[in-house]
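Trainee: Could we go through this chain together, one question at a time? I would like to see how each answer is reached.

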Amino acid sequence: VTVFDRDQQAVDVVYRIYRRVRLKAQVSRSAPLTMERAVERQALLIYAVQDAGVATPPLRALVRVGSEAAVLSCARLTGTALADLPAPSDEQLKKVWGAVLRLHEHSVTHRTLTADRILLTGPECTDVILLDPGNGDVAASEVQRRLDLSQLLAELALLVGPDRAADLAVDQIGGELTALVP
């Protein structure tokens, strides 16, 4: 369940203005001016991830709570967060890469690819579910997709070590990896 309210939107606008000043326009996006736009954007990203064939908790309800707030509710899915696995296997990590690359094939990014937002389910924890896709982009640019890949590579390097993470990245994205490093 995510609650959107007007106070949250005011804080978000300040942060997005800061990001716009610090980052290029094609990396940062303009702040949603209204709470309604923020809720609609979150729902759009959930649907875009699902349309790309990547598992994410399905949207169950959008509810207005007076004139000052809205609640977005997604199904609760059970599994093990990538961060909670003692030693993720190469197969599990390849499945994570596969899910992210499938998003990118549909020009969708996640933008918060942290180990606690990647859920593994199934008998051998090999089914990948990406949680909280609401910070991503639809019709993402090449730069935005590369940032997503860079974030995933950095996150996996922290989780399994830089050498193993780099080997898996080369295996999954090959030559594109050289474009991530100047």
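What follows is a conversation about the predicted model shown above.

Trainee: Let's begin with the overall layout. In which order do the elements of the chain run from the N terminus on?

Mentor: Happy to start there. The chain has six helices and eight strands. Read from the N terminus on, these elements run β-α-α-β-β-β-α-β-β-β-β-α-α-α.

Trainee: Among contacts between residues at least 6 apart in sequence, what share joins residues at least 24 apart?

Mentor: Here a contact means heavy atoms within 4.5 Å. Taking the pairs at least 6 apart in sequence, the share that joins residues at least 24 apart is 68%.

Trainee: Now the helix pairs. How are α4 and α5 oriented to each other?

Mentor: A packed pair is described by the angle between the axes and the distance between them. For α4 (residues 142–160) and α5 (residues 162–173), the axes come within 7 Å and cross at roughly 140°. Angles over 145 degrees would count as roughly antiparallel and 65 to 115 as roughly perpendicular. The crossing of α4 and α5 is right-handed, and the orientation of the two helices is therefore oblique.

Trainee: Which residues of α5 meet α4, and how many residues of that contact are charged?

Mentor: From α4, the contact takes in Leu149, Leu153, Leu156, Ala157 and Val160. Their partners in α5 are Pro162, Arg164, Ala165, Ala166, Ala169 and Ile173. By class, the contact has ten nonpolar residues, no polar ones, and a charged count of one.

Trainee: How are α3 and α5 oriented to each other?

Mentor: The axes of α3 (residues 90–105) and α5 come within 10 Å and cross at roughly 50°. Roughly parallel would need an angle under 35 degrees, and roughly perpendicular starts at 65. This crossing is right-handed too, and α3 and α5 are therefore oblique.

Trainee: How many residues of the contact of α3 with α5 are charged?

Mentor: On the α3 side are Asp90, Leu93, Lys94, Trp97 and Leu101. On the α5 side are Arg164, Leu168, Ala169, Asp171, Gln172 and Ile173. These residues divide into six nonpolar and one polar, with a charged count of four.

Trainee: Turning to cysteines, how many disulfides does a search of the whole structure find?

Mentor: Cys74 has 24% relative accessibility and so counts as partly exposed. Cys125, at 18%, counts as buried. A disulfide would need a pair of cysteine sulfur atoms within 2.5 Å, and the number found in the whole structure is zero.

Trainee: Is Thr121 buried or exposed?

Mentor: Thr121 is found in strand β6 (residues 118–121). Leaving aside residues up to four places away in sequence, Thr121 touches Thr78, Gly79, Thr126, Asp127 and Ile129. With 15% relative accessibility against a cut-off of 20%, Thr121 is therefore buried.

Trainee: What separates the C-alpha atoms of Met35 and Ala69?

Mentor: Met35 has its place in helix α2 (residues 35–51). At 1% relative accessibility, Met35 counts as buried. Ala69 is 34 residues away along the chain, and the C-alpha separation is 7.5 Å.

Trainee: What separates the C-alpha atoms of Asn135 and Leu45?

Mentor: Asn135 lies in the loop between β7 (127–130) and β8 (137–138). Asn135 is partly exposed, with a relative accessible area of 32%. Along the chain, Asn135 and Leu45 are 90 residues apart, while their C-alpha atoms are separated by 8.1 Å.

Trainee: One last topic, backbone angles. What is the phi of Asp132, and what is the phi of Ala139?

Mentor: Asp132 sits in the loop between β7 and β8 and is partly exposed at 41% relative accessible area. Ala139 is found in the loop between β8 and α4, and its 63% relative accessible area makes Ala139 exposed. Asp132 is not a glycine, but has a positive phi of about 50°. Ala139, not a glycine either, has a positive phi of about 60°.

Terms used:
Residues numbered from 1 in each chain as written. Predicted model: local features only at pLDDT ≥ 70, side-chain atom pairs only at ≥ 80, totals over all residues. Heavy atoms only, no water. Axes fitted to C-alpha atoms, helices over the stretch in contact; angles between N-to-C directions. Helix = DSSP H or I, 4+ residues; strand = E, 2+ residues; numbered from the N terminus. Left-handed = near helix turned anticlockwise from the far one by under 90°. Nonpolar A, V, L, I, M, F, W, Y, C, P; charged D, E, K, R; others polar. Buried < 20%, exposed > 50% of the residue type's maximum accessible area, 1.4 Å probe, protein only.
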